[in-house]
Amino acid sequence: MSTAPLASVLFVCVHNAGRSQMAAGFLDHLAGDRIEVRSAGSVPGDQVNPSAVEAMREAGVDIADATPKILTTEAVQASDYVITMGCGDACPVFPGKKYLDWALEDPAGKGVESVRPIRDEIRTRVEALIAEIDARQEA
């Protein structure tokens, strides 16, 4: 018997190549199918940042097959949580969604050494998000 996810989360950054991909990778890895995960960008890049892929691999999460996707109104409408990471006003706003803005350094153009602290901050925030979603279900 399958159960519906507790919530759906959309991570959005400009290129959908670094921060949002790392966040989606961690949420998928840590929550499994309990939480539906999406990521998108307002101006998607050609590929996921190789330094982000390497930093995530070091953390035991494989995002090598991820591809940047364009942000769509449908993705926002289908999500309970919309977490932005530097996309500014490009994200459409709909009533009934929980919007969070995570101020995170952009890993674009940085080596893996510089991406590790960003990765670690994202993991901390994703773990807190999972705890919040779990707590809402128990309330």
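Two strands pair if DSSP finds at least two bridges between them. Strands here are DSSP runs of E with at least two residues, helices are runs of H or I with at least four, and both are numbered from the N terminus. With that in hand, look at Val9: it stands opposite Tyr81 in β3.

A word on the model. It is predicted, so local features need pLDDT of at least 70, side-chain atom pairs count only at pLDDT 80 or more, and totals for chains, interfaces and linings use all residues. Residues are numbered from 1 along each chain as its sequence is written, and side-chain values use heavy atoms, with hydrogens and water left out.

Let's start with the sheet. It is open and has 4 strands. The order is β2-β1-β3-β4, and the pairing is parallel. At the edges sit β2 (35–41) and β4, each pairing on one side only. On average, neighbouring strands are turned by 20° against each other, direction ignored. Axes are lines fitted to C-alpha atoms, for helices over the stretch in contact, and angles run from 0 to 180 degrees between N-to-C directions.

Now strand β1. How many bridges join β1 to β2? There are 7, and the two strands run parallel. Within that pairing, Val12 stands opposite Ala40 in β2. With β3, β1 pairs in the parallel sense over 4 bridges.

Is β1 covered or open? Mostly covered: 7 of its 7 residues are buried. Buried means under 20% relative accessible area, exposed means over 50%, and partly exposed lies in between, with a 1.4 Å probe and protein chains only. Both faces are covered. Ala7, Val9, Phe11 and Cys13 are buried on one side. Ser8, Leu10 and Val12 are buried on the other. Helix α1 lies across β1 and β2, and runs at about 170° to β2.

Next, the cores. In soluble globular proteins, nonpolar side chains tend to be buried together. A nonpolar core is a set of buried Ala, Val, Leu, Ile, Met, Phe, Trp, Tyr and Cys residues joined through side-chain atoms within 4.5 Å. The largest one here has 31 residues. Which members touch the most others? Val9, Phe11, Trp102 and Val126 do. β1, α1, α2, β3 (81–84) and α4 each supply at least two residues of this core. The largest share, 8 residues, comes from α4. There is also a second, separate core of 7 residues, and it includes Leu10, Val12, Val76 and Val82.

Two of those names come up again. A search of the whole structure finds 1 aromatic pair. Phe11 and Trp102 form it, 5.8 Å centre to centre and with 50° between the planes, so it counts as tilted. The rule: rings of Phe, Tyr and Trp (its six-membered ring) pair if their centres lie within 6.5 Å; planes under 30 degrees apart are stacked, over 60 edge-to-face, and the rest tilted. This pair links distant parts of the chain. Phe11 is in β1 (residues 7–13), Trp102 is in the loop between β4 (98–101) and α4, and they are 91 residues apart. Phe11 counts as buried because its relative accessibility is 0%. Trp102 is buried too, at 7%.

On to helix α2, residues 50–58. Its buried residues are Ser51, Ala52, Val53, Ala55 and Met56. They pack against α1 (19–31) and α4 (112–138). Contact means heavy atoms within 4.5 Å.

What happens at the start of α2? A side-chain oxygen of Asn49 reaches to within 2.7 Å of the backbone nitrogen of Ser51. A polar contact is a pair of N or O atoms within 3.5 Å; within protein, one must be able to donate a hydrogen and the other to accept it, and residues adjacent in sequence count only if both atoms are side-chain atoms. Asn49 is in the loop between β2 and α2. Its relative accessible area is 12%, so Asn49 is buried. Just after α2, Gly60 takes a positive phi of about 85°.

Last stop: Gln21, in helix α1. Buried or exposed? Buried, because its relative accessibility is 3%. A polar atom of its side chain lies 3.4 Å from the backbone oxygen of Thr67.
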